Amino acid sequence: MAVPLMQAVRVGSYVVKQHLQGRKKYPLVLMLEPLLRCNLACSGCGKIDYPAEILNQRLSVQECLDADAECGAPVVAVAGGEPLLHKDMPKIIQGLIARKRYVYLCTNGLLLEKKIDDYKPSPFFSWDIHLDGDQLMHDASVCQDGVYDRAVTAIKLAKSKGFRVSINCTLFDGADPHRVASFFDEVMALGVDGIMTAPGYAYERAPDQEHFLNRQKTKQLFRDVFRLGKGHKWRFTQSPLFLNFLAGNEQYHCTPWGKPLKTVFGWQRPCYLLGEGYASTYQELMDDTQWDLYGTGNYAKCADCMVHSGYESTAVKDAIQRPWHIAQVALMGPKTEGPMAPEIDLSKQRPAEYAYNEQVQGLMQKIKTEAPSASKRTTTIRRVKTVKKEEAKENS
Ligand code: SF4
């Protein structure tokens with residue numbers, strides 16, 4: 001199983017409990033971004049286009065644990081930026097595991113060999129290595145040669161030390177279904193425990209705006225890949241119904257609150273992908289966000305989104321409401337022939353709004369206001385220089 005039985009049971013009971021309690025909005029996965037700095041600059045990434053002052057911000061161990069306590073989701077995905085650049089990452093992970101959260105540490109793998117002994121295998125912990133396809137596909141996606149090989153070395157090392165390892169594979173326009181299928185075979189042969197896959201979200205700040213998939217292409221690509229994978233025993237960490245949605249067989253609406261994001265800006269509205277504003281507490285995020293303004297059909301920036309951040313929770317809710325349906329899809333696999341589910345009408349969606357500059361200015365102002373007094377400044381500058389030197393050394 002891509003997800004251990006105990007994890008499936010605990011998360012399943014959590015979901016059932018929320019439904020029995022009549023809770024309409026509940027979190028499934030806390031997305032935690034303790035820093036936005038990365039040691040790569042991928043063409044499809046919309047997370048790292050910020051001034052150095054913002055990239056130097058870190059959520060402290062306590063802020064991460066407080067976010068976890070506020071949210072209460074059973075699963076935590078720690079992403080970024082590159083989380084292994086955060087010097088306190090082992091403490092953050094230990095703290096979350098101590099609370100019996102199922103933690104996925106998302107990394108590009110470049111620093112894994114150096115840092116792996118700071119972590120211990122646990123049924124509550126999994127490495128989640130970024131791999132967007134085979135060597136050519138992945139190195140092109142991360143804009144650097146040799147990264148695929150290092151990620152594969154990292155996977156082998158982590159497996160040899162007894163860790164659970166999954167891969168996180170984002171697909172873009174132009175992906176060849178045959179190559180994707182062969183790649184899934186390859187990673188299964190490496191012994192990974194599970195594959196998490198999704199189409200890339202069209203981040204407005206991503207350097208490459210030409211290779212994001214629209215919904216029609218996404219569905220056709222996943223249908224083709226799943227057809228080639230029949231009988232191959234790929235293990236996905238995602239719900240069978242989410243995979244069925246990717247293959248165009250479900251007309252799901254987005255559940256943006258299912259995977260709330262805490263980042264250095266605060267709690268991001270409305271979802272992991274879209275930063276349209278920030279709340280200072282989880283409760284404020286849940287209470288004050290105008291959720292109906294978002295989702296496919298409601299907002300232009302959501303038009304082509306089919307990412308797990310918004311739709312995995314919808315699939316999980318569907319599984320509770322139609323257990324026979326998930327059983328059927330789990331048994332037979334996603335349907336890869338015949339008509340697709342009707343598409344959501346986009347004619348009434350509101351146009352895109354752009355808030356990036358305002359948000360950056362707001363955070364820069366906050367950083368300035370909270371800057372240390374002149375007497376402490378020299379020490380801080382020295383500390384920042386040391387951090388930069390350490391990061392440069394680690395990236396070399
Ligand atoms: S559809 Fe949902 S998950 Fe996707 S960008 Fe819009 S709000 Fe976020």
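Here are some questions and answers about this predicted model.

User: Which strands stand at the edges of the open nine-stranded sheet?
Analyst: Happy to start there. The sheet is open, with mixed pairing, and its order is S6-S5-S4-S3-S2-S1-S7-S8-S9. The two edge strands each have a single partner, so one side of each is left without a neighbour in the sheet. They are strand S6 (194–199) and strand S9 (275–279).

User: How do S3 and S4 run, parallel or antiparallel, and how many bridges join them?
Analyst: Strands of a sheet pair through backbone hydrogen bonds, either parallel or antiparallel. Valine 103 gives you a place to look, as it stands opposite phenylalanine 125 in S4. Strand S3 (residues 102–107) and S4 run parallel, and the number of bridges joining them is five.

User: What angle does the direction of helix H3 make with that of S1?
Analyst: Helix H3 (residues 61–71) packs on the sheet, where it touches strand S1 (29–32), strand S2 (75–78) and strand S7 (261–263). Its direction and that of S1 make an angle of about 155°.

User: What arc do the buried residues of H7 cover around the axis?
Analyst: Let's begin with who they are: Val147, Tyr148, Ala151, Ala154, Ile155 and Ala158. An α-helix has 3.6 residues a turn, so residues three or four places apart point the same way. What covers the buried residues of H7 includes helix H5 (112–115), strand S4 (125–130), helix H6 (135–141) and strand S5 (164–171).

User: How far apart are the end C-alpha atoms of helix H7?
Analyst: Helix H7 covers residues 147–160, which is 14 residues. At 1.5 Å a residue, the helix should span 20 Å. The end C-alpha atoms agree with this, being apart by 20 Å.

User: Is lysine 100 buried or exposed?
Analyst: Lysine 100 sits in the loop between H4 and S3, and its phi is positive, near 60°. Lysine 100 has 11 of them, so the residue counts as exposed.

User: Which peptide bond next to a proline is cis, and what is its omega?
Analyst: Most residues other than glycine have a negative phi, and most peptide bonds are trans. As for the proline, proline 270 is in strand S8 (residues 266–270). The cis bond there runs from arginine 269 to proline 270, with omega near -5°.

Key: Residues numbered from 1 in each chain as written. Predicted model: local features only at pLDDT ≥ 70, side-chain atom pairs only at ≥ 80, totals over all residues. Helix = DSSP H or I, 4+ residues; strand = E, 2+ residues; numbered from the N terminus. Expected span 1.5 Å × (residues − 1). Buried ≥ 20, exposed ≤ 12 C-beta atoms within 10 Å, placed from the backbone. Contact = placed C-beta atoms within 7 Å. Pairing = 2+ DSSP bridges. Axes fitted to C-alpha atoms, helices over the stretch in contact; angles between N-to-C directions.
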